[in-house]
Amino acid sequence: MRCARGALQGTPGRTDNMQVTPAVLVACGLAVVLTVQAGLWRRQRRLAGALRRSQNSLRTLVRSSVDPVVILDDTLRITFASEAAGALLGLGTAPLAGVLVTDTVHPDDRAALFGALQGGTGESAVRTARVRQPEGRWRLVQITVRDLRDDPDVGALVLHCRDVSPSAPAPGADSELLELALTDPVTGLPNRTALIGRLGALQRGPRNRSHAMALIGISQSEALSPGEEATVLRALTSRLSRGLRAEDWLARGTDGDFAVLVQGTISDAEVVAARLVATIGRLATSTTTVPLTAVAGVGALTPDVDPGETLRRADLALRSARRSGAGSVHRYDDALRAEQDRRGVLRADLDGALERGELRLVFQPVVDAVLQRTVSIEALLRWRHPVLGEVSPMEFVPLAEESALIVGIGRWVLLEACRTAASLDDAELAVAVNVSAHQVRSGDLVPDVLAALEDSGLSPARLLVEITESVLLDDAHVVEDLGVLRRIGVRIAVDDFGTGWSSLAYLVGMPVDVLKMDQYFLSGVEHDPSRRAMCRAVLQLGTSLGLPVIVEGVTTPATLALLRDMGHRYLQGFQLSRPLEADALAAGVRLAAGALHGPEVVTP
């Protein structure tokens with residue numbers, strides 16, 4: 001514009017007026033036009049770049065999904081659909097742009113599906129709905145809704161659709177009822193039946209793609225009402241869905257579990273499972289906040305393994321993860337199968353082990369470090385399997401507790417322990433017997449104790465019944481039964497004390513005479529100041545309540561010396577004596593007290 005301005009106003013320093021020539025006007029006009037066009041061209045390039053980026057994002061979004069993709073505007077009309085979407089939605093090859101997606105969905109499923117579609121932006125949800133087909137039947141479709149309306153490159157609702165219909169409905173079957181039977185009514189996810197069908201389809205499918213499965217186990221520490229539980233399950237479904245890749249397939253398992261079919265190797269499944277487990281934590285409902293934990297078991301899908309066995313393998317891995325604690329992700333391997341087979345053998349053979357004489361008791365002394373004498377012995381159950389040899393109580397006692405066997409075995413242990421103690425020359429030596437929660441809750445504890453005392457002739461004051469902390473929180477009849485035992489002279493000990501701190505308040509006024517401090521506190525106690533502080537705290541608590549404290553798991557001279565310096569009086573562990581067979585008990589009781597002066601460790 002400078003040339004035009006100079007032409008109109010004259011050149012500085014000139015006093016005479018010049019007339020503007022046509023050539024100058026044309027040149028200036030051309031400059032203006034070129035400047036405007038250059039601006040328009042730059043703007044067009046920016047818009048074209050933005051359009052290319054948006055199209056590239058859309059193509060990437062579609063290519064990243066192995067399932068048909070449908071994109072909707074705010075009115076729920078289709079603006080784009082991938083090639084396979086028409087057949088899945090029952091619309092064939094007709095143009096899909098502008099079709100109202102509500103017209104294709106079963107009326108009974110519209111509320112749940114479109115509630116998810118109209119949800120808050122940024123959310124993701126999984127719904128299962130029936131979609132009408134041209135021949136009049138309904139196809140069951142799992143729809144993962146991704147709300148990308150706030151994404152500047154997409155700006156739409158994106159639906160990843162997956163066919164979860166049964167492959168071959170039985171002749172004459174009601175298709176709607178059949179499809180409903182494949183859907184979990186609470187979460188809208190495919191249920192276990194649909195999961196098995198999907199597993200079968202994948203294993204019969206092309207071999208050029210590998211798949212694996214992850215079972216996500218959810219645990220909660222608080223009881224919920226049915227309504228709250230349903231709310232939590234739906235919230236979990238949404239949370240897990242947001243952690244999935246587009247090609248992953250989510251289904252409902254059993255007992256609160258979720259199943260994820262992962263396209264990829266078992267390592268890919270471990271990565272997905274670890275991500276999902278990490279997302280589980282505290283979950284807020286409208287009425288409360290629920291603390292949740294999760295573990296996962298993963299296994300590969302192979303053509304030579306049927307769906308039922310695939311699920312069993314993943315479940316074995318899940319059980320292994322549960323034993324390791326919250327946050328664990330375990331992979332199936334043959335060792336887990338061997339472990340399960342061993343557990344099956346032990347479970348079967350434990351029934352009848354008592355009658356065959358395979359069970360026996362050993363006894364471990366408890367030493368009074370002040371009086372330097374053995375004051376009691378703890379009866380410990382052992383099993384010598386005719387083929388497998390010695391089986392750890394940590395292995396077979398939980399198996400007994402899974403059935404009614406534990407009550408009969410507990411009754412025998414009481415009787416045998418009382419007989420053994422009564423046969424000893426020391427008329428003051430007490431015997432401690434661990435009693436399972438099942439036996440306490442059965443209501444037979446008092447009759448069993450009375451029968452054992454009467455049969456053996458043992459004084460009630462020489463019997464110490466050991467229970468776990470959790471038993472104190474049971475029904476009122478449990479506390480009443482323990483009170484009855486105390487009134488006849490039997491003493492009650494709380495075993496593994498300190499592992500259930502929530503029950504501390506219940507100690508006051510409860511029928512308890514002795515605390516047994518769990519050996520967990522002794523791990524690293526020689527070098528860990530916090531462990532030493534806990535040991536002192538338990539002793540002080542017992543002293544303030546007038547309850548003697550027995551320390552279990554004393555295995556080294558240094559630990560023994562440290563506990564004695566703290567003031568702990570009643571000690572038990574391999575440093576003092578290993579568990580003794582009944583025929584070696586009389587001599588072993590005397591040797592245990594002498595170990596207070598010896599530096600050597602008595603090896604287990």
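Predicted model: local features only at pLDDT ≥ 70, side-chain atom pairs only at ≥ 80, totals over all residues.
Is Val397 buried, exposed or partly exposed? That was my opening look-up. Val397 comes out as partly exposed, with a relative accessible area of 23%.

**Entry: around Val397**

I found Val397 in helix 11. I then looked at Ser436, which is 39 residues away from Val397 in sequence. In space, the two are 9.6 Å apart, C-alpha to C-alpha.

**Entry: the largest pocket**

Next I turned to the open spaces. The largest pocket holds about 1,400 Å³ of space. I counted 42 residues lining this pocket, and those closest to its centre are Leu380, Pro393, Met394, Asn434 and Asp495. Several elements give two or more residues to the lining, among them strand 13 (373-385), helix 11 (393-401) and strand 17 (491-497). Helix 12 and helix 13 (437-441) are also on that list, as are strand 12 and strand 16 (463-468). By residue type, I noted 18 nonpolar, 13 polar and 11 charged residues in the lining of the largest pocket.

**Entry: the second largest pocket**

I moved on to the second largest pocket, with about 540 Å³ of space. Its lining has 26 residues, and closest to the centre I found Arg198, Leu202, Pro206, Arg209 and His211. Strand 5 (156-163), helix 6 and strand 8 (258-263) each give two or more residues to this lining. Which element gives the most to it? Helix 6 does, with 4 residues. The lining of the second largest pocket divides into 12 nonpolar, 7 polar and 7 charged residues.

**Entry: salt bridges**

A friendly reminder to myself: side chains of opposite charge can pair when their charged atoms come close. How many salt bridges does the structure hold? The total is 26, and I picked a few to follow up.

I began with Asp184 and Arg252, whose side chains meet in a salt bridge at 3.5 Å, N to O. Asp184 sits in the loop between helix 5 (175-181) and helix 6 (192-204), while Arg252 belongs to strand 7 (residues 249-252), so this pair ties together parts that are 68 residues apart in sequence. Asp184 counts as buried, at 12% relative accessibility. Arg252 counts as buried too, at 10%.

Then I looked up Arg360 and Glu581, which form a salt bridge at 3.1 Å, N to O. Arg360 is in strand 12 (residues 359-368) and Glu581 is in strand 21 (residues 580-581), so the pair ties together parts 221 residues apart in sequence. Arg360 counts as buried at 18% relative accessibility, whereas Glu581 counts as partly exposed at 33%.

My last pair was Asp448 and Arg411, with their closest N and O atoms 2.9 Å apart. I placed Asp448 in helix 14 (residues 445-456) and Arg411 in helix 12 (residues 405-423), so to speak two distant parts of the chain, 37 residues apart. Asp448 is buried, at 9% relative accessibility. Arg411 is partly exposed, with a relative accessible area of 36%.

Technical notes. Residues numbered from 1 in each chain as written. Heavy atoms only, no water. Salt bridge = Lys/Arg side-chain N within 4 Å of Asp/Glu carboxyl O. Buried < 20%, exposed > 50% of the residue type's maximum accessible area, 1.4 Å probe, protein only. 1 Å grid on protein atoms, 1.4 Å probe; cavity = no way out; pocket = protein on both sides within 12 Å on 5 of 7 lines; lining within 4 Å. Points joined across faces, edges and corners; volume = space filled by probe spheres on them. Nonpolar A, V, L, I, M, F, W, Y, C, P; charged D, E, K, R; others polar.
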